[in-house]
Amino acid sequence: MKKENEKSFGLRVDAEILAKFRYVCGYHGRSANSQLIQLMLRFIAAYEREHEAIELETDENAGN
């Protein structure tokens, strides 16, 4: 079941990179999707530590 606030997007990546990424994700007990989410969260946190917290517009259509 899809969460109400969940979005999806396509990603183009070299087949060998994707295969290796999935291998490493499996080693750590994560799906490629959940690992990408963790990487995104760390990336955002690092940005916000260096700059400031990102404030998003509350309008559902903002940024789409």
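1. Start with leucine 36. Bear in mind that the model is predicted. Leucine 36 lies in helix α2. Leaving out residues up to four places away in sequence, leucine 36 touches Leu11 and Phe21. The C-alpha atoms of leucine 36 and cysteine 25 are separated by 9.4 Å. Along the chain these two residues are 11 residues apart.

2. Now take the two helices as a pair. Two packed helices are described by the angle between their axes and the distance between the axes. Helix α1 covers residues 15–27, and helix α2 covers residues 32–50. Their axes come within 9 Å and cross at roughly 90 degrees. An angle of 65 to 115 degrees counts as roughly perpendicular, and α1 and α2 are therefore roughly perpendicular to each other.

3. Which residues of α1 and α2 make the contact? From α1 come Phe21, Arg22 and Cys25. From α2 come Ala32, Gln35, Leu36 and Leu39. By type, the residues of this contact divide into five nonpolar, one polar and one charged.

4. Is glutamine 35 buried or exposed? Glutamine 35 is buried, with a relative accessible area of 12%; the reasoning is that buried means under 20%. Glutamine 35 is found in helix α2. Setting aside neighbours within four places in sequence, glutamine 35 is in contact with Phe21, Cys25, Arg30 and Arg42. Phe21 and Cys25 are also listed among the α1 residues of the helix contact.

5. Look next at alanine 19, in helix α1. Alanine 19 counts as partly exposed, at 48% relative accessibility. Its C-alpha lies 9.9 Å from the C-alpha of alanine 32. In sequence, alanine 19 and alanine 32 are 13 residues apart. Alanine 32 belongs to the α2 side of the helix contact.

6. How far does α1 reach from its first C-alpha to its last? The span is 18 Å, for 13 residues. That is close to the 18 Å expected at 1.5 Å a residue.

7. Finally, check both ends of α1. At the start, a side-chain oxygen of aspartate 14 reaches to within 3.0 Å of a backbone nitrogen. That nitrogen belongs to glutamate 16. After the helix comes glycine 29. The phi of glycine 29 is positive, near 75 degrees.

Notes
Residues are numbered from 1 along each chain as its sequence is written. This is a predicted model: local features need pLDDT of at least 70, side-chain atom pairs count only at pLDDT 80 or more; totals for chains, interfaces and linings use all residues. Side-chain values use heavy atoms; hydrogens and water are left out. Axes are lines fitted to C-alpha atoms, for helices over the stretch in contact, and angles run from 0 to 180 degrees between N-to-C directions. Helices (H or I, at least four residues) and strands (E, at least two) are DSSP runs, numbered from the N terminus. Angles under 35 degrees count as roughly parallel, over 145 as roughly antiparallel, 65 to 115 as roughly perpendicular and the rest as oblique. Contact means heavy atoms within 4.5 Å. Ala, Val, Leu, Ile, Met, Phe, Trp, Tyr, Cys and Pro count as nonpolar, Asp, Glu, Lys and Arg as charged, and the others, Gly among them, as polar. The expected span of a helix is 1.5 Å times one less than its number of residues. A polar contact is a pair of N or O atoms within 3.5 Å; within protein, one must be able to donate a hydrogen and the other to accept it, and residues adjacent in sequence count only if both atoms are side-chain atoms. Buried means under 20% relative accessible area, exposed over 50%, partly exposed in between (1.4 Å probe, protein chains only).
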